[in-house]
Amino acid sequence: MKRILVSIKRVVDYNVRIRVKPDGTGVITDGVKMSVNPFDEIALEEALRIKEKGLAEEIVAVSIGPADCQQQLRTALAMGADRAVHVQTDAAIEPGSAAKLMLKLIEREQPMLAILGKQAIDDDCNQTGQMLAALWGRPQATFASKVEISGDKAQVTREVDAGLEVLEVDLPAVITTDLRLNEPRYVKLPDIMKAKKKPLETVEPSALGVSPVERLKAVKFDPPSQRSKGVMVKDVGELFTALRGKGLV
Amino acid sequence: MSKILIVAEHQGGKLNAATAKCVHCASQISGAEIHIAVFASDPAAVAADAARLAGVSKVITVANPQHANPMAACIAPQLAELAQGYSHVFGPSTTFGKDLMPRVAALLDAPQASDIMAVESATRFRRPIYAGNAIITVEVTPGTQLVATVRTASFDAAQTSTSAAAIEGASPSATLPQHTRFVSVSAARSDRPDLQTAKKVVSGGRALASADNFKILYQLADRMGAAVGASRAAVDAGYAPNDMQVGQTGKIIAPELYMAFGISGAIQHLTGIKDARTIVAINKDPEAPIFEVADYGLVGDLFHVVPELEKLIASNG
């Protein structure tokens with residue numbers, strides 16, 4: 001079966017104002033709204049569009065983390081994923097461990113594509129997709145803004161510093177999504193009801209033969225240093241004089 | 001002792017400034033021995049540039065026609081091979097480095113610290129998380145090889161020195177995969193300075209109201225010798241191309257002068273400019289959050305301010 005694996009990470013919602021705990025042991029997540037990582041939502045949307053074009057048959061959403069991740073998997077199922085796999089663990093999961101766990105699922109599911117968000121908006125690592133492609137020994141097309149599948153190949157437009165780069169990759173491959181790849185659909189109420197009946201499987205990392213290790217330990221968290229507010233100038237002349245004084249214009 | 005391998009980023013036979021910033025970052029690890037690896041179809045000119053960066057003791061070149069257009073899938077296995085015996089492997093936190101380094105880390109089974117902004121020791125680094133709304137200090141277990149990308153906006157470029165380091169050719173045995181093929185790159189070529197490295201940046205937001213109106217910013221930028229940037233709102237509205245986007249999800253820059261015209265100052269934009277030396281904000285809304293971080297703020301209509309400023313610069317040239 002032509003299958004696409006999609007990553008779904010549970011993160012603090014992007015509208016939440018992030019605050020560092022006063023004791024510096026983390027950021028405040030108690031009572032804070034949690035959501036699907038926006039880049040993963042884009043990944044799922046792209047998978048759905050590929051399926052709707054008849055180029056894939058099944059979409060499997062994968063999340064790694066504590067029990068609460070099932071909320072985000074249900075959202076993914078409501079968006080249109082066919083089934084979900086929850087790798088349940090309370091351990092800290094570094095991108096390297098996430099990639100190893102995803103690889104085990106890939107070996108089991110044999111997908112034509114794995115689509116992941118280019119980064120999660122909590123740790124901002126931007127690593128898991130590339131690591132997964134390396135471990136899998138398959139192509140990677142990161143920061144995708146356009147994906148075209150034809151036969152056993154994909155042509156992917158990537159957002160790079162220089163502009164837009166186009167790569168052709170053999171399938172199976174890993175694609176990571178950039179912001180402008182698509183606009184994810186809204187979930188409708190009947191779909192939320194239907195999603196409750198879709199299969200959601202739970203596995204432990206040990207059952208996949210992976211024991212997550214933490215090799216990069218968090219020592220402390222700090223709020224960012226603030227820039228202090230400067231002066232307001234009354235007109236363009238004053239602005240010009242100030243900038244000229246600093247040799248900037 | 002730390003032994004650090006840095007992968008060079010280059011375009012058109014020239015070393016990218018991002019590489020010199022990685023060298024500066026690496027040199028903050030005390031007593032580090034710093035080597036640079038250059039992957040190119042013809043690495044000679046880039047290697048000569050790299051050899052003159054202060055602190056670099058060796059440059060390793062890998063010449064291969066398949067590296068004419070750098071692809072992570074091709075460079076990674078060779079870089080991983082060269083990286084044996086190094087305590088750290090660094091690359092710039094540009095799209096080149098972000099694409100490549102995790103692939104290298106996975107092949108080495110090493111952890112990666114992304115976007116390092118400060119070096120506390122050979123094993124301890126600071127990096128931004130949550131779009132720069134928090135800074136985490138991370139520590140790698142001593143003796144563990146570490147891969148990292150360097151947040152270029154946080155470091156000055158290493159100086160060039162008069163003496164040059166040794167340049168050695170290498171032929172890694174890793175076979176290059178054929179499953180990934182370069183098709184094209186469409187660079188928005190312009191005569192203006194590169195946004196990532198420009199000393200001055202003039203940037204526009206949604207208030208510009210059309211792609212056509214951006215022309216007034218281009219004129220001002222050309223008068224000043226500045227690069228042109230845009231907010232995500234302006235890019236999403238189609239007023240400016242993607243590669244002009246400044247912010248956490250676009251380019252993170254640290255120019256000497258950043259001028260924001262009609263940009264309200266969403267947190268994701270501010271993350272991209274907070275290392276700028278001087279920030280100037282021009283906005284009609286006196287309550288715009290951008291004024292909270294601006295060194296100079298002016299409440300006014302950008303369609304009057306921009307031409308007036310251009311005229312003042314021209315007449316006082």
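A search of the whole structure, which is a predicted model, finds two cavities of 30 Å³ or more. A cavity here is a set of points, on a 1 Å grid over the protein atoms alone, where a 1.4 Å probe fits but cannot get out, and its lining residues have an atom within 4 Å of a point. In this model local features need pLDDT of at least 70, side-chain atom pairs count only at pLDDT 80 or more, and totals for chains, interfaces and linings use all residues. Residues are numbered from 1 along each chain as its sequence is written, and chains are lettered from A in the order in which they are written.

**The largest cavity**
- The largest cavity has a volume of about 490 Å³, where a volume is the space filled by probe spheres set on the grid points, joined across faces, edges and corners.
- Its lining holds 33 residues, and those nearest the centre are D161(A), T95(B), K98(B), T249(B) and G250(B).

**The second largest cavity**
- The second largest cavity, with a volume of about 50 Å³, is lined by residues of chain B that include F39(B), P70(B), I75(B) and F96(B).

**The contact between the chains**
- Counting heavy atoms within 4.5 Å as contact, 86 residues of chain B and 73 residues of chain A take part.
- Nine salt bridges cross the interface of chain B and chain A, each being a side-chain nitrogen of Lys or Arg within 4 Å of a carboxyl oxygen of Asp or Glu.
- D109(B) forms a salt bridge with K100(A), in which the closest N and O atoms are 2.9 Å apart.

Notes:
Heavy atoms only, no water. 1 Å grid on protein atoms, 1.4 Å probe; cavity = no way out; pocket = protein on both sides within 12 Å on 5 of 7 lines; lining within 4 Å.
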